[in-house]
Amino acid sequence: MRRGQRNTLTQPNDVALPDYDDVCLVLQGGGALGSYQAGVFEGLAEVGVEPTWTSGISIGALNTAIIAGNAPEDRVAALRGFWNTICQPADLIGHVGAFVPAAFGFANIGRKFSSMWAAARALTEGQKGFFSPRVQVPSIQTNSKRPSEVSFYDTSALRATLLQFADFDRINDGAMRVSVGAVNVRTGNLIYFDNTKMRLAPEHFMASGALPPGFPAVEIDGEFYWDGGLVSNTPLTEIIRESQHKDTLVFQVDLWSARGTLPGDFLDISERTKDIQYSSRTRAITDFVSHNQKHARLIKELLEHVPEKVRRTHPLLREARQVADGGAVNVVHLIYKNKFFEGHYKDYEFSNDTMDEHWASGLEDIRRSFGHPEWFEVPSHDLGFVTHDVHRFEPAPKATAEMPRAVEQKLDDVDVAEGV
């Protein structure tokens, strides 16, 4: 949907999407979990919602390249092609490890084993069209190599994959605004590569996903860049900063849940640490924006007590009125909900089966979100900032004989409000 264009949604209910100045898609980093974002985008595409601005970090940046680099009618197929390329089917051990426990009534154990085995294969074999182990891992002590050569994996194959599934002339033609975040290794600053300010190439998107020490830094114009998630895993701040005087609808697709269960062992600690590390900034951003909107409303109410002539002529009061007359931001929050078989390795478990499950979860969540047409109304400017989340009021799943309480709690691991 382009600016000023009304769009009627037909799935799952008829919904008239109001006129927003911008419709933004915000894609968080999270490795293999990123196919959840592809499912969400399929749900947007099937009802004709076309973002005017897409911003991503890490795997979200790679999905952004595929979305922006294809015609609207080709985007879902291109995403499917990209994910089928970088994921792999189970091998013989994976099939046997899943089938044998299931044959004796332990399907959950078999599913967990196949997931663990797929992650182990990714570590040892790499992923086709994405990354491969270096033949000789650089010595820990050496300082003789360039930053682009110091890593456990080589990501040169990713460049060819991006060129296969994304048209970079289309990305740069400006039909959709594109922003992807990366960290300057030398300065430590997070910057955004934006197609309204520069011409984007595959390296800009690869830099956004260059998570050390696994992946090498990417050189751009003499500077080296790492994964933007090292500083902020959610590019919502960039959207908010430039939408102060616009009515903006944001589809924010997060891959990590801030809420979770207490860890019971060291592997659980590793998983929980990742969840907190990569999701907490989303909570901080939404808190910050909410407080800013409240302050703007207070300024606006105070200005009502100042004579109109003074408001028009005093420079500080004119500036205060500009601050108070901000736009309205509506965030439809889609947060990946952990599967029972996943563990600390979930962000590098690239099996086809798990990819399909992530994709289906994203598609289901966005379809259910469109079942609430009231969520998409432009918020009152007095309120200024609202969020919605389809999982927010869900009850916890009931425990079953096949699902122990610990697994039941993990299934409910979702940050329902992200601190708002």
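A residue counts as exposed when its relative accessible area is over 50%, as buried when that area is under 20%, and as partly exposed in between. The structure described here is a predicted model. By that cut-off Arg 186, with a relative accessible area of 61%, is exposed.

**Salt bridges**

The structure holds 19 salt bridges. In one of them, Arg 186 pairs with Glu 223, with 2.7 Å from N to O. Arg 186 sits in the loop between strand S7 (177-184) and strand S8 (190-194) while Glu 223 belongs to strand S10, so the bridge ties together parts that are 37 residues apart in sequence. Glu 223 itself is partly exposed, at a relative accessible area of 21%.

Arg 159 and Glu 203 form another salt bridge, their closest N and O atoms being 2.5 Å apart. This pair links distant parts of the chain, 44 residues apart: Arg 159 lies in helix H6 (residues 156-165) and Glu 203 in helix H8 (residues 202-208). Arg 159 is partly exposed at 34%, and Glu 203 is partly exposed at 21%.

A local pair is found in helix H11 (residues 308-313), where Glu 308 and Arg 312 are four residues apart, about one turn of the helix.

| Pair | N to O distance |
|---|---|
| Arg 159 and Glu 203 | 2.5 Å |
| Glu 223 and Arg 186 | 2.7 Å |
| Glu 308 and Arg 312 | 3.7 Å |

Glu 308 is partly exposed at 35% relative accessibility, as is Arg 312 at 46%.

**Annotated active site**

An unreviewed UniProt entry lists Ser 58 and Asp 227 under "active site". Ser 58 occupies the loop between strand S4 (53-57) and helix H2 (59-68), and Asp 227 is in strand S10 (residues 223-227). Both positions are buried, Ser 58 at 11% and Asp 227 at 3% relative accessibility. Beyond its neighbours within four places in sequence, Ser 58 contacts Gly 29, Ser 208, Gly 209 and Asp 227. The corresponding contacts of Asp 227 include Ile 57, Val 183, Ala 207 and Leu 211.

**Helix H1**

Helix H1 (residues 35-46) reaches 17 Å from its first C-alpha to its last, close to the 16 Å expected. Nine of its 12 residues are buried, among them Tyr 36, Phe 41 and Leu 44. The elements covering these buried residues include strand S3 (22-27), helix H3 (75-86) and helix H13 (352-370). Just after H1, Gly 48 adopts a positive phi of about 80°.

How values were computed: Residues are numbered from 1 along each chain as its sequence is written. This is a predicted model: local features need pLDDT of at least 70, side-chain atom pairs count only at pLDDT 80 or more; totals for chains, interfaces and linings use all residues. Side-chain values use heavy atoms; hydrogens and water are left out. UniProt positions are given in the numbering used here, feature names are shortened, and annotations may be inferred rather than shown by experiment. Helices (H or I, at least four residues) and strands (E, at least two) are DSSP runs, numbered from the N terminus. Buried means under 20% relative accessible area, exposed over 50%, partly exposed in between (1.4 Å probe, protein chains only). Contact means heavy atoms within 4.5 Å. The expected span of a helix is 1.5 Å times one less than its number of residues. A salt bridge is a side-chain nitrogen of Lys or Arg within 4 Å of a carboxyl oxygen of Asp or Glu.
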